[in-house]
Amino acid sequence: MALSLQQKIEDPSQGVYLIGTTPPKMGTDKAKVEEIATKLLNRLHRIEYDGVIVYDIQDESSRTNVPRPFPFKHTVDPREYSQLLNHLSRLDVITYKSVAQRGVSEFNEWLDETKKKYELNNLVLVGSPSSNGDIKLSLPNAYQALEQHNENFFLGGVTIAERHASKRNEHERLIEKTGQGCNFFISQAVYDAQATIDLITSYARTCRQQGITPNRIILTFTPCGSEKTLEFMQWLGISVPEATKWRILDAEQPLSESVRICKDNLNLILQSCAGLDVPLGLNIESLTNRKEEIDASINLYRLLKATMELYLAERQLAS
């Protein structure tokens with residue numbers, strides 16, 4: 001019998017390979033939404049993957065004074081899209097939920113509906129992008145509400161290596177979030193390998209000191225084929241070292257170069273963290289709806305999955 005996504009995430013000997021996507025924009029009619037979902041799954045039918053992550057897109061303009069490179073558009077309910085992808089693909093889905101906009105009673109109603117109407121089990125809760133926003137429910141309070149709720153969910157959290165690079169405490173957040181019910185973590189897109197290595201190392205050392213088994217960290221990678229996409233990545237808070245930026249933009253084929261950089265970064269992370277016993281996974285996304293970048297994300301998935309599988313096979317041989 002095939003393992004569920006939860007079973008794979010919880011078993012450190014298993015690889016975990018995911019595809020990240022956003023729902024269609026709000027107002028798209030149901031037939032068109034299904035067409036978009038089918039088109040996505042047809043693109044993915046040539047690759048083996050364990051499930052899809054569906055993001056809950058927020059307007060993050062409160063986080064920065066810099067104008068958003070692409071206009072913000074509300075999307076259809078991520079749960080609706082998650083349920084559709086689950087029914088069409090028969091694969092598990094992880095659904096993101098931004099919790100800040102509504103109070104605890106509405107969040108509890110959302111949880112009821114998520115389980116009963118949408119039949120979803122795997123969640124990642126996301127807090128407000130900025131402390132300056134109108135926060136009706138904080139992330140810790142959302143975790144507490146979820147813990148007290150009568151339905152059970154498999155809960156994940158977000159981790160941001162860039163935050164560790166500046167504050168040096170992201171590993172403590174991971175341990176705190178584990179205490180609040182998180183069973184796995186999904187990173188922001190990785191372009192600064194060293195920041196990710198530092199985070200995983202700090203997390204592994206602190207887990208060892210406290211006698212805690214580390215949770216799986218699923219590393220996100222995304223291709224970048226243009227200056228506009230790079231600008232958007234940086235607007236989202238993704239750290240792109242100066243040399244990496246110019247390596248992409250000065251290349252004859254920026255998209256192919258970004259794929260090579262992602263492979264180099266994954267190799268560096270795997271080599272540096274091999275002895276740390278933190279289970280890793282992969283999530284590949286495209287940050288834009290440009291066909292070239294979506295196609296490149298499929299190629300990137302194949303390449304990084306092969307890299308990760310080789311690493312896991314070598315680790316099993318060594319043990």
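Colleague: Which residue of β2 stands opposite Leu-18?

Modeller: In this predicted model, β1 and β2 (residues 51–54) pair in the parallel sense over 4 bridges; two strands pair if DSSP finds at least two bridges between them. Strands (E, at least two residues) and helices (H or I, at least four residues) are DSSP runs, numbered from the N terminus. Within this pairing, Ile-19 has Val-52 opposite. For Leu-18, the residue opposite is Gly-51.

Colleague: What pLDDT must side-chain atom pairs reach in order to count?

Modeller: Residues are numbered from 1 along each chain as its sequence is written, and side-chain values use heavy atoms, with hydrogens and water left out. As the model is a prediction, totals for chains, interfaces and linings use all residues, local features need pLDDT of at least 70, and side-chain atom pairs count only at pLDDT 80 or more.

Colleague: Why is β1 described as largely enclosed, and how many of its residues are buried?

Modeller: Buried denotes under 20% relative accessible area, exposed over 50%, and partly exposed in between (1.4 Å probe, protein chains only). In a regular strand the side chains alternate between the two faces of the sheet. Tyr-17, Ile-19 and Thr-21 point one way and Leu-18 and Gly-20 the other, and all are buried. The strand (residues 17–21) is therefore largely enclosed by the rest of the structure, the buried count being 5 of the 5.

Colleague: Which residue of β8 is the bridge partner of Tyr-17?

Modeller: β1 also runs parallel to β8 (residues 280–285), joined to it by 4 bridges. In that pairing, the partner of Tyr-17 is Leu-282.

Colleague: Which residue of β3 is the bridge partner of Gly-51?

Modeller: Both faces of β2 are covered, with Gly-51 and Ile-53 on one side and Val-52 and Val-54 on the other, all buried. β2 also pairs with β3 in the parallel sense, over 4 bridges. There, Gly-51 is partnered by Asp-92.

Colleague: Which residues touch the most other members of the largest nonpolar core?

Modeller: A nonpolar core is a set of buried Ala, Val, Leu, Ile, Met, Phe, Trp, Tyr and Cys residues joined through side-chain atoms within 4.5 Å. The largest core holds 77 residues, and the members that touch the most others are Phe-221 and Ile-269.

Colleague: Which helix gives the most to the core of 77 residues?

Modeller: Ile-269, in this core, touches residues including Val-190, Ala-193, Ile-197 and Phe-221, neighbours up to four places away in sequence not being counted; contact means heavy atoms within 4.5 Å. Another core, of 16 residues, lies apart, with Leu-18 and Val-126 among them.

Colleague: What is the volume of the largest cavity?

Modeller: On a 1 Å grid over the protein atoms alone, a cavity is a set of points where a 1.4 Å probe fits but cannot get out, whereas a pocket is an open set with protein on both sides within 12 Å along at least five of seven lines; lining residues have an atom within 4 Å of a point. Grid points are joined across faces, edges and corners, and a volume is the space filled by probe spheres set on the points. By this rule there is 1 cavity of 30 Å³ or more. The volume of the largest cavity is about 70 Å³.

Colleague: Which element supplies the largest share of the lining of the largest cavity?

Modeller: The lining comprises 13 residues, of which Ala-161, Ser-187, Gln-188, Val-190 and Thr-196 lie nearest the centre. At least two residues each come from α6 (161–167), β6 (184–189), α8 and β7 (216–221). The largest share, 3 residues, belongs to β6.

Colleague: Is Arg-90 buried or exposed?

Modeller: Most residues other than glycine have a negative phi. Arg-90, which lies in the loop between α3 (78–89) and β3 (92–98), has a positive phi of about 65 degrees although it is not a glycine. Because its relative accessibility is 66%, Arg-90 counts as exposed.
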